[in-house]
Amino acid sequence: LLNAGRRLFPFDMQAALQLALKEGIMEKAGPIHQFTHDLIEQTVYESVPANQRKALHKTIGTILLDSAANDSLIHLLAVDQINRYCQDSILCTEERSHVASINATAAKFAIAASSFE
């Protein structure tokens with residue numbers, strides 16, 4: 001995703017993450033970066049205009065989906081991002097069909113990961 005960030009953002013994502021870690025805005029646990037507080041996350045999220053947020057959700061979801069292969073966790077994260085884009089969006093028939101298909105695959109991954117039979 002960091003490599004894909006190069007085409008999404010007009011700045012060096014790796015350097016920005018390192019600065020955020022150094023300043024205590026974010027923390028890292030293994031490969032995961034997260035904000036140190038929910039209010040920081042909310043403030044950063046809300047500072048992005050709503051129309052850009054929707055486009056960003058779609059772009060991130062598409063990049064994740066393209067790189068997911070058979071990784072169920074990445075697929076689930078991708079579908080979550082795409083579903084955020086779809087909220088209150090008017091989708092053409094082809095887009096609705098694609099979203100339904102990836103959600104069905106996500107449901108299969110979720111069922112397989114659970115103890116339900």
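A salt bridge here is a side-chain nitrogen of Lys or Arg within 4 Å of a carboxyl oxygen of Asp or Glu. By that rule, this predicted model has two salt bridges, so let's start with those.

**Stop one: K58 and E95.** Select both and show their side chains: they meet in a salt bridge, 3.7 Å from N to O. K58 sits in helix α4 and E95 in helix α6, so this pair ties together parts that are 37 residues apart in sequence. K58 is partly exposed at 34% relative accessibility, and E95 is also partly exposed, at 25%.

**Stop two: D80 and R84.** Here's the other bridge, with 3.1 Å from N to O. Both residues belong to helix α5, four residues apart, or about one turn of the helix. An α-helix has 3.6 residues a turn, so residues three or four places apart point the same way. D80 is partly exposed at 32%, as is R84 at 36%.

**Stop three: the loops around α5.** Pick A69, in the loop between α4 (50-68) and α5 (72-86). Its phi is positive, about 50°, although A69 is not a glycine. A69 is exposed, with 67% relative accessibility. Now jump to D88, in the loop between α5 and α6 (93-113). D88 is another non-glycine with a positive phi, near 65°, and is exposed at 83%.

**Last stop: helix α2.** Select residues 13-22 and color M13, L17 and A20, the buried residues of this helix. Look down the axis of α2: these three fall within an arc of 60°, so they line one face of the helix. Then click on G24, which follows α2 and has a positive phi near 80°.

Terms used: Residues numbered from 1 in each chain as written. Predicted model: local features only at pLDDT ≥ 70, side-chain atom pairs only at ≥ 80, totals over all residues. Heavy atoms only, no water. Buried < 20%, exposed > 50% of the residue type's maximum accessible area, 1.4 Å probe, protein only. Helix = DSSP H or I, 4+ residues; strand = E, 2+ residues; numbered from the N terminus. Arc of directions from axis to C-beta.
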